[in-house]
Amino acid sequence: MLVNLVEILKLAEEKKCAVGAFNTPNLECVNAVLAAAEKLNVPVIISHAELHEEVSPLAKIGPVMVQAAKNATVPVCVHLDHCETLSYMQQALDIGFTGVMYDGSTLPYEENLENTKKAVAMAKAYNCGVEAELGALASREGGAANASGPVYTDPDEAVEFCRETGIDALAPSFGTAHGIYKSKPVLDLDRVKVISEKTGLPLVMHGGSGVSPEDYRTGIKNGLRKINYYSYMSKAGTQAVKELLAKEDVTFFHDLALAAEKAMSADAEKAMRVFAGL
Ligand SMILES: [Zn+2]
């Protein structure tokens, strides 16, 4: 069933766990993630990142995601990830997305604040929840290095930002990075706790792929309620295709797609078990 970001984060808060948010730029990803969530009977978020527009246009994959969420036996939020332009957000709202992340983290603070306020006003008219980012991760969505380097979120600034904008969830910067980690990430999970206590809002971990189960658990205990996870799931799909091609002379593409889907579902399931504390 389709639910909005506020509702799904409330479910996570009630159980003191986190809900996984998985990018689903094609049908195999949508099927993989929803099958895993239904198998474990846990709520889940499927996301489309503005960055994936070239891989999969929102106008095409968006309606597929919304319909799949409506058909699912578990609560599903359909979320727009890292939206940098409000016109793109409007497209997602019109398609029926129930969560949006406005990302103004590369902008000066005041501009981020003003744009986030606009995003909240737009989304509320559609009963859609809003996540926003403050501070900057070491890398941008897609894995490219952030020009200014990481900027950890200041807890007091976070309080002001949340109060002024009226957002429903905050993505702070505390040491994670997007993409595949080159070395073990060092996370400031105490900062998560302080920001969680001071803002009272559900917090979001970006760059969730490659974080250790132990760090996930501490982060969740400290207030993380949404964990974005994609890179390693996608990599698992590619690996399965490579292995199948090395083993067999495959003719039909759908056999590759199915192999990838199965492997991605297994990887997503593993992540969901940790996020849900199963
Ligand atoms: Zn992200």
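Helices (H or I, at least four residues) and strands (E, at least two) are DSSP runs, numbered from the N terminus. The structure is a predicted model, in which local features need pLDDT of at least 70 and side-chain atom pairs count only at pLDDT 80 or more, whereas totals for chains, interfaces and linings use all residues. Residue numbers start from 1 along each chain as its sequence is written.

**Backbone and burial**

H82 belongs to strand β3 (residues 76-83), and this residue, although not a glycine, has a positive phi of about 50°. A residue is called buried here if 20 or more other C-beta atoms lie within 10 Å of its own, exposed if 12 or fewer do, and partly exposed in between, with C-beta atoms placed from the backbone. H82 is buried because 25 other C-beta atoms lie within 10 Å. N127, in the loop between α5 (109-124) and β5 (129-134), is likewise not a glycine and has a positive phi of about 55°.

| Residue | Other C-beta atoms within 10 Å | Class |
|---|---|---|
| H82 | 25 atoms | buried |
| L187 | 19 atoms | partly exposed |
| N127 | 11 atoms | exposed |

**Helices**

In helix α1 (residues 5-14), the residues L5, I8, L9 and A12 are buried. Viewed down the axis of α1, these buried residues fall within an arc of 100° (the arc of the directions from the helix axis to the C-beta atoms), so they line one face of the helix. Just after α1, K16 takes a positive phi of about 50°.

Helix α3 (residues 58-71) and helix α4 (residues 86-95) have axes that come within 9 Å and cross at roughly 35°, where axes are lines fitted to C-alpha atoms, for helices over the stretch in contact, and angles run from 0 to 180 degrees between N-to-C directions. L58, A59, G62, P63 and V66 of α3 make the contact with Q91, A92 and I95 of α4, two residues being in contact if their C-beta atoms, placed from the backbone, lie within 7 Å. By class, this contact of α3 with α4 has six nonpolar, two polar and no charged residues; Ala, Val, Leu, Ile, Met, Phe, Trp, Tyr, Cys and Pro count as nonpolar, Asp, Glu, Lys and Arg as charged, and the others, Gly among them, as polar.

**The core and its contacts**

A nonpolar core is a set of buried Ala, Val, Leu, Ile, Met, Phe, Trp, Tyr and Cys residues joined through C-beta atoms within 7 Å. The largest such core has 78 residues, of which V33, I46, V100, L170 and F275 touch the most other members. Helix α10 (residues 253-276) supplies the largest share of this core, ten residues.

Leaving aside neighbours within four places in sequence, V33 is in contact with F22, T24, V44, I46 and A268. L170, which lies in strand β6 (residues 169-172), touches A132, L134, A158, C162, T199, L201, L203 and V204, again not counting residues up to four places away in sequence. L170 and L201 are 31 residues apart in sequence, with their C-alpha atoms 6.9 Å apart in space.

L187 is placed in the loop between β6 and α7 (189-199). Residues up to four places away in sequence not being counted, L187 touches F174, G175, T176 and D215. A separation of 9.1 Å lies between the C-alpha atoms of L187 and G219, which are 32 residues apart along the chain.
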